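Try each task before reading its solution.

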Amino acid sequence: MTNAILTGLMLGGMYALIAMGLTLQYGVARIMNLSYGEFLIAAAFASHWLFTGWAISPFAGLALVVPLAFALNFAIYKLLLTPLVRRAPNRDALEVDSILATFGLTFVIQGSMLALFGGAYYSYSFLAFPVQFLGETVAANRLAALGITILLGLVLYLALTRTRAGTAVRAVAVDPFAAQLVAINVPQASALTFALGGALVAAAGVLVSTFLTFSASSGVVFTMKALIVVVMGGVGNMLGCLVAGLALGLSESLVASYVDPGLTLAVNFALFLAVLLVKPAGLFGRATR
């Protein structure tokens with residue numbers, strides 16, 4: 001039981017990290033980014049290339065991949081999404097436009113990765129040995145990934161709750177029109193938050209690549225998981241992301257250990273539907289009229 005719970009916490013922590021970026025992008029910039037998982041896979045390929053080609057540790061690779069992802073996502077927001085923001089009459093229209101735009105972007109990124117890497121699955125061996133933790137044997141790479149995930153989550157929480165920039169981001173998420181009245185640069189805050197979301201998913205991609213196989217077409221799976229976590233937790237709510245991610249990870253691990261590994265996806269959606277039936281706005285979401 002302890003091993004299954006540890007595995008679930010490690011898996012759930014990774015789900016939470018993956019979803020935090022998406023809930024930031026949607027909660028603040030109001031961009032429902034359907035190409036989100038493709039950025040995770042692109043980061044995984046970058047980590048694979050750095051490790052196998054240049055012998056750079058994935059954890060050291062974070063220092064290269066994450067800033068690059070931040071800059072790339074900032075450029076995408078400025079060049080591709082800002083025109084949609086300007087012409088959208090309201091936030092609902094922006095959501096629809098952003099879904100269509102990022103859906104197209106999914107095929108652009110995925111097609112580029114297929115052309116570069118083909119359809120084969122990739123993986124590499126990094127910290128692939130067992131260690132003892134709380135009396136149980138777990139994989140060192142998964143445990144290390146969980147430690148970095150906790151660290152990133154803590155830094156993000158402190159940045160959002162203890163800094164002026166974080167306060168501005170939260171104000172834009174609550175009411176962008178009122179935020180403008182107190183001299184907050186809403187377009188700039190939205191662009192930077194979208195880029196921060198891209199940096200977070202890139203970090204998740206690097207960490208995932210240390211213990212999971214991946215291919216150029218795997219991104220949709222991570223997009224789907226992130227959407228489930230975001231909706232379950234409540235759109236724009238970081239604590240909701242954490243709780244929903246852990247709930248999914250634990251349910252998958254327990255079902256795989258004691259019932260049938262083939263039922264993990266079914267359990268995911270059963271849990272998702274149960275939450276929506278009881279709390280349509282998500283575990284920590286607020287109902288809107």
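**Ground rules**

This is a predicted model, in which local features need pLDDT of at least 70, side-chain atom pairs count only at pLDDT 80 or more, and totals for chains, interfaces and linings use all residues. Residues are numbered from 1 along each chain as its sequence is written, and side-chain values use heavy atoms, with hydrogens and water left out.

**Exercise 1. Describe the backbone and exposure of Arg30.**

Step 1. Locate Arg30. It lies in the loop between α1 and α2 (36–54).

Step 2. Arg30 has a positive value of about 60 degrees, although it is not a glycine. Most residues other than glycine have a negative phi.

Step 3. Classify exposure. Arg30 is partly exposed because its relative accessible area is 21%.

**Exercise 2. Work out the hairpin of β1 and β2.**

Step 1. Pair the strands. β1 and β2 run antiparallel and are joined by 4 bridges. Two strands pair if DSSP finds at least two bridges between them.

Step 2. Val131 has Val138 of β2 as its bridge partner. Pro130 stands opposite Ala139 in β2.

Step 3. Inspect the turn. The hairpin has 2 residues between the strands, and Leu134 takes a positive phi near 55 degrees there. Leu134 lies in the loop between β1 (130–133) and β2 (136–139).

Step 4. Classify Leu134. Its relative accessibility is 65%, so Leu134 counts as exposed.

**Exercise 3. Which side chains make polar contacts with the side chain of Glu252?**

Step 1. Glu252 lies in helix α10. Glu252 is buried because its relative accessible area is 8%.

Step 2. Take the polar contacts. The side chains of Glu252 and Lys225 are joined by one of 2.5 Å. Another, of 2.6 Å, links the side chain of Glu252 with that of Asn268.

Step 3. Not counting residues up to four places away in sequence, Glu252 touches Leu11, Tyr15, Lys225, Thr264 and Asn268.

**Exercise 4. Characterise the largest pocket by volume and lining.**

Step 1. Define it. A pocket is an open set of points on a 1 Å grid over the protein atoms alone, where a 1.4 Å probe fits, with protein on both sides within 12 Å along at least five of seven lines; lining residues have an atom within 4 Å of a point.

Step 2. State the volume. The largest pocket holds about 1,600 Å³ of space. Grid points are joined across faces, edges and corners, and a volume is the space filled by probe spheres set on the points.

Step 3. Name the lining. It has 48 residues, with Thr23, Val235, Gly236, Asn237 and Met238 nearest the centre. The largest share, 10 residues, comes from α1.

Step 4. Sort by class. The lining of the largest pocket has 30 nonpolar, 11 polar and 7 charged residues. Ala, Val, Leu, Ile, Met, Phe, Trp, Tyr, Cys and Pro count as nonpolar, Asp, Glu, Lys and Arg as charged, and the others, Gly among them, as polar.

**Exercise 5. Examine Asn237 and its surroundings.**

Step 1. Locate Asn237. It is found in the loop between α9 (219–233) and α10. Asn237 counts as partly exposed because its relative accessibility is 22%.

Step 2. Find its neighbours. Asn237 touches Thr23 and Phe284, not counting residues up to four places away in sequence.

Step 3. Check the backbone. A polar atom of the Asn237 side chain lies 3.0 Å from the backbone nitrogen of Leu239.

Terms used: Buried < 20%, exposed > 50% of the residue type's maximum accessible area, 1.4 Å probe, protein only. Polar contact = N/O pair within 3.5 Å; in protein donor to acceptor, adjacent residues only side chain to side chain. Contact = heavy atoms within 4.5 Å.
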